[in-house]
Amino acid sequence: MSFLEITSLSARVGPVPILRDVSLNVAAGEVRALVGESGAGKSMIGKAILGTLPGAIHITGGEIRLDGQDLLALRPAERRRVIGQTAALIPQDPLTALNPVRRIGPQITRRLVDILGWSKRDAEARALELLAEVHIPDPKRVMQSYPHELSGGMRQRVLIASAFAAEPKLIIADEPTTALDVTVQKQILRLIKEMQQRHNTALLFVTHDLGVVAKICQKLTVLFGGMVLEEASVEAFFAAPQHAYSRALLAATPKYTDPDQSLTPVPQSILDDLQAQLDFAERTTT
Amino acid sequence: MADARSAIKRPIGPRLWLSGGWLTLLVLGAVFAPLLAPKDPLMQDLFLGRMPPFWLPGAEPGYLLGTDSLGRDVLSRLLYGARVALFVGLIAGVLTCLLGTTLGLIAGYYRGWPDLLISRFIDIWMAFPPVLFSILLIAVMGTGLTSIIIAIVVIDWTRFARVIRAEAMTQGAMDYVASAQVTGHKRIGIMLLEILPNVLPTMVVLLTLEMGIAVIVEAILSFVNLSISTDDPTWGSMISEGRVSIHQAWWVLVFPLVCLFFTVLSFSQLGEGLKDYFDPVLR
């Protein structure tokens, strides 16, 4: 049995479908990528698991099982507790993900103290250890700092440390490198991979960057318009993508070896086909 | 890098100096009014009516800012009037702030039906004309300091609720709030520990503005004789008395007006200055 099991999950904003019959599994210790263009619903899956969907979005069907527990069947308070103990988030934008008026230290230790009942001293020792683990040079000083005193890359390191603090079994990384500049991106990716392996955590990695997927993931799921198009292991996918859209997506990735080559967009005919498929699914389910 | 930023000294600008200075003077004057006032503010002397301030010919020694038509000392009345103005400003401001912020925070963070309820209530509340509403309230409750304060709170809490609600909504959409939710914290804890500290600068600015407004409202109400008893000196009643004798004794009208003007201006400038001073992004 997989650690995270999503079975035919559907969600809507008013009449507009956001997720259509999405099924997805992440085994313990596995790194799975969720790939798709903007609006494909990849972030929404992460939010649905963590229970942070915007108020306008309603889940209309399906199941989310985390460690065997059906999250959608639980009462909100109970659900928050389960998620708080088993899952964590590495957010997209490190600039808004830390509370600007509180010091770094309490922001890391808070969960350990409040939710898991650690003593303050243990939590602080653990936080220092974690900050060292994510290669922050002066953990003691960083604990005392306010978020605005740190650079974007440092803040993302803090957030990674914070995500691993309670030894969660699943981490959802929502485009964790998009807001960073390219030189820092690489270090952060390496760090996430390193931490994931050391702690043997399952990782659901939301991204639109296939280059990143090739570097750190084992499995991937391609989404379009809230629908799963393809599921494959990374080796199989990069060797021979099955879906026409996946092939086009792969062909659209710019190559370092040929910088002068013009970008190849996904052909309109493929997009039209997919749209027709979505429209058909819509007619048959409603 | 942290060192470089904290090394930037933030000067206390002229805005903070001037507004803070005036308000400090005023507070001192109000607190020590019994010691500072040269005369009894209520003492009438009909032989000494409408004496001009000290630099004009015909001034009476001992009456620095002249006397009104009943021969009462303008300076002493100003000092005692400051007591009423500041007391109302402080108490009404703080109470308005507490009520408005609480409702605004709940509406802005919880959204859903609490927001619907509070927002509609604010809309309805704001449809009442404020001056008439306050006069009506005082007419029902009777005059007196407590009624004035209640009237100000009842009318002005919507100002806070509106702004704080918008601010709480912005903060609530930030990732740090989502992170706190994911770690399993209770909603009320998130509201008080994460959102509240971030709306605090806005609260401080609004609070100082509100104090200024409360001072004005008190003056308006005493101008129309709806404040405390007419004998007690307030700036509004002084202005209203001075209006009658403006051609013979302009100082009775002008001095309280100037005090009122600088006080209200100082409150709003103090708020702006404090906001810049405490802004976490600039810090």
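Helices (H or I, at least four residues) and strands (E, at least two) are DSSP runs, numbered from the N terminus. On that basis, chain B has eleven helices and zero strands. Read along the sequence, its pattern is α-α-α-α-α-α-α-α-α-α-α.

This is a predicted model, in which local features need pLDDT of at least 70 and side-chain atom pairs count only at pLDDT 80 or more, while totals for chains, interfaces and linings use all residues. Residues are numbered from 1 along each chain as its sequence is written, and chains are lettered from A and ligands numbered from 1 in the order in which they are written.

## Chain B overall

The C-alpha trace of chain B spans about 80 × 55 × 30 Å along its principal axes. Chain B has 283 residues, and 44% of them count as buried. A residue is buried if 20 or more other C-beta atoms lie within 10 Å of its own, exposed if 12 or fewer, and partly exposed in between; the C-beta atoms are placed from the backbone. Two residues are in contact if their C-beta atoms, placed from the backbone, lie within 7 Å. Among contacts in chain B with a separation of 6 or more, 72% join residues 24 or more positions apart.

Gly62(B) sits in the loop between α3 (33-36) and α4 (74-110) of chain B. Gly62(B) counts as exposed because it has 12 C-beta neighbours inside 10 Å. Pro38(B) is 24 residues from Gly62(B) along the chain, and their C-alpha atoms are separated by 7.2 Å.

Axes are lines fitted to C-alpha atoms, for helices over the stretch in contact, and angles run from 0 to 180 degrees between N-to-C directions. Angles under 35 degrees count as roughly parallel, over 145 as roughly antiparallel, 65 to 115 as roughly perpendicular and the rest as oblique. A crossing is left-handed if the near helix is turned anticlockwise from the far one by less than a right angle, and right-handed if clockwise.

| Helix pair | Axes come within | Crossing angle |
|---|---|---|
| α3(A) and α4(A) | within 9 Å | roughly 125° |
| α4(B) and α5(B) | within 7 Å | roughly 135° |
| α7(B) and α9(B) | within 10 Å | roughly 155° |

For the classes, Ala, Val, Leu, Ile, Met, Phe, Trp, Tyr, Cys and Pro count as nonpolar, Asp, Glu, Lys and Arg as charged, and the others, Gly among them, as polar.

Start with chain A. Helix α3 (residues 104-114) and helix α4 (residues 120-133) of chain A cross at roughly 125°. That makes α3(A) oblique to α4(A). Their crossing is right-handed. From α3(A), Gly105(A), Ile108(A), Thr109(A), Leu112(A) and Val113(A) meet residues of α4(A) that include Lys120(A), Ala123(A) and Leu130(A). This contact has six nonpolar, two polar and three charged residues.

In chain B, α4(B) crosses helix α5 (residues 112-126) at roughly 135°. That makes α4(B) oblique to α5(B). The crossing is left-handed. Leu103(B), Ile106(B), Ala107(B) and Tyr110(B) of α4(B) meet Gly112(B), Pro114(B), Asp115(B), Ile118(B) and Ser119(B) of α5(B). By class, the contact has six nonpolar, two polar and one charged residues.

Residues in the contact include Ile148(B), Phe160(B) and Gly172(B) of α7(B), and Ile195(B), Leu206(B) and Leu221(B) of α9(B). The contact has 14 nonpolar, four polar and four charged residues.

## Where the chains touch

Here 20 residues of chain B are in contact with 24 residues of chain A. On the chain B side, α1 (2-7), α8 (175-182) and α9 (187-223) each supply at least two residues. The largest share, six residues, comes from α8(B). The chain B side divides into nine nonpolar, seven polar and four charged residues.

## Buried parts of chain A

Helix α6 (residues 152-164) of chain A is mostly covered, with eleven of its 13 residues buried. Among them are Met154(A), Arg155(A), Ile160(A) and Phe164(A). The cover includes β6 (87-90), α3, α4, α5 (139-144), β7 (170-174) and α7 (182-199) of chain A.

Tyr245(A) lies in helix α10 (residues 244-252) of chain A. Tyr245(A) counts as buried because it has 21 C-beta neighbours inside 10 Å. Not counting residues up to four places away in sequence, Tyr245(A) touches Phe224(A), Leu229(A), Val266(A), Ile270(A) and Leu274(A). Asp273(A) is 28 residues from Tyr245(A) in sequence and 9.7 Å away in space, C-alpha to C-alpha.
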